[in-house]
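Please work through the exercises below with the sequence and the structure at hand, and try each task before reading its solution.

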Amino acid sequence: MRPEEPKRPSKKLRRNNVFAASKKDYKNGNSFARLVGLLSILLVCGSVAYFAHAYFSAMSSVQQAYRGTGKTSQLISQKKPISILILGVDQGIEGRHDRGNSDTMILATMNPEKKEATMTSIPRDLLADIKGDGRGEGKYYMFRANSAYQVGGSKGATRTVKALLNTPVNYYMEVNMKALESMVEALGGVDVNVPFTFTYHTHFKKGKQHLNGKEALDYVRMRKEDPKGDYGRQMRQRQVINDIVRKGMSVNSITNYRKILKVFAKYVKTNLTFDDMLSIAMNYRGCTQNIKSGYIQGHNVWIGAAAMQVASTKELQRVSDLVRSSLGLKQEKLHNQETRQNSLQQGLNWNDPEDFRDYVIYDKDSDTIPWDGN
């Protein structure tokens, strides 16, 4: 026997119209609306995918530059004032390939509550107690500030600046000078106010000028023709960096964004994490509207056959007070090896414009025995 077939329902099943379009929607007049709706969905999905890709591309670029411990900074996540030591190094420029000295040292601070930032240039030839990288404390002593990088890399430079000014140095950013050229190109150039007419590979005319990458690099490297010497060059460096920061914080071009990431990954080393940088870009943006630029003023001095600069205790105290104030810290009287050496000098007139030729560096453990360099 064949099995009995199930009885069919007497009523016809009705289609579920909840997700189905009504018949009137199938009129020709609504075809365009349906097409727009489909394209909108695809556009949203594509945008999500694109920005996810952009996010992870940015993370990858920063990770290539990262040299820290992997811990996100509580200072930045809590929107506290921070300091960053910017080191311009010149490997690969004009035939240089060794680590060498730092060509630029700028201590930057950012205070999101006050919505202000400072940039203080440290003269490359400034006499400083070189701290090394921490592994050979006492091994190094008084010499040019820019030699700290050669002795101990970014860590040595950070420790030297921290002791010089009695200020925290929370982060560092080591930038190959080649990055300056590429970064300026990625941002579409920078605008500067040229202080005087000069030629250094490129001809610069006094007044406002828009510079491309190569021109910007030439602009910040010239020193010998500047009537202010290295101080004039420091001023030009701050000009360019100010405009890079200003434009970098307001990048709205995807093409430029990709170029910047590529430059960053190739030429920058830092102990800032990706989350740190993302937070700075979001929460410290207002600081770029009020950037105070300055420098440590030194006095020309000859120590043996070496030409250097020495900052007076009063000048070092002034800069220390300025930086500590910008970080929300109380001012403290400076007491370091630099101020000690100044106190041991006899008969120096800091107002005398002539070079000092009788500045003596005393031994670390003696107030009477000159240091012999060993």
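The model is predicted, so local features need pLDDT of at least 70, side-chain atom pairs count only at pLDDT 80 or more, and totals for chains, interfaces and linings use all residues. Residues are numbered from 1 along each chain as its sequence is written, and side-chain values use heavy atoms, with hydrogens and water left out.

**Exercise 1.** Find the order of the strands in the open sheet, and explain which strands stand at the edges.

*Solution.* Begin with the terms: strands are DSSP runs (E, at least two residues), numbered from the N terminus, and two of them pair if DSSP finds at least two bridges between them. Six strands then follow one another as E11-E6-E1-E2-E3-E12, with mixed pairing. As a closer look at one pair, E1 (residues 82–89) and E2 (residues 102–111) run antiparallel over eight bridges, and Leu85 has Leu107 in E2 as its bridge partner.

**Exercise 2.** Describe the volume and the lining of the largest cavity.

*Solution.* A cavity is a set of points on a 1 Å grid over the protein atoms alone where a 1.4 Å probe fits but cannot get out, and its lining residues have an atom within 4 Å of a point. The volume, which is the space filled by probe spheres set on the points, is about 60 Å³ for the largest cavity. Its lining includes Leu127, Met142 and Tyr359, while helix H10 (residues 337–343) supplies the largest share, three residues.

Note on methods: Helices (H or I, at least four residues) and strands (E, at least two) are DSSP runs, numbered from the N terminus. On a 1 Å grid over the protein atoms alone, a cavity is a set of points where a 1.4 Å probe fits but cannot get out, and a pocket is an open set with protein on both sides within 12 Å along at least five of seven lines; lining residues have an atom within 4 Å of a point.
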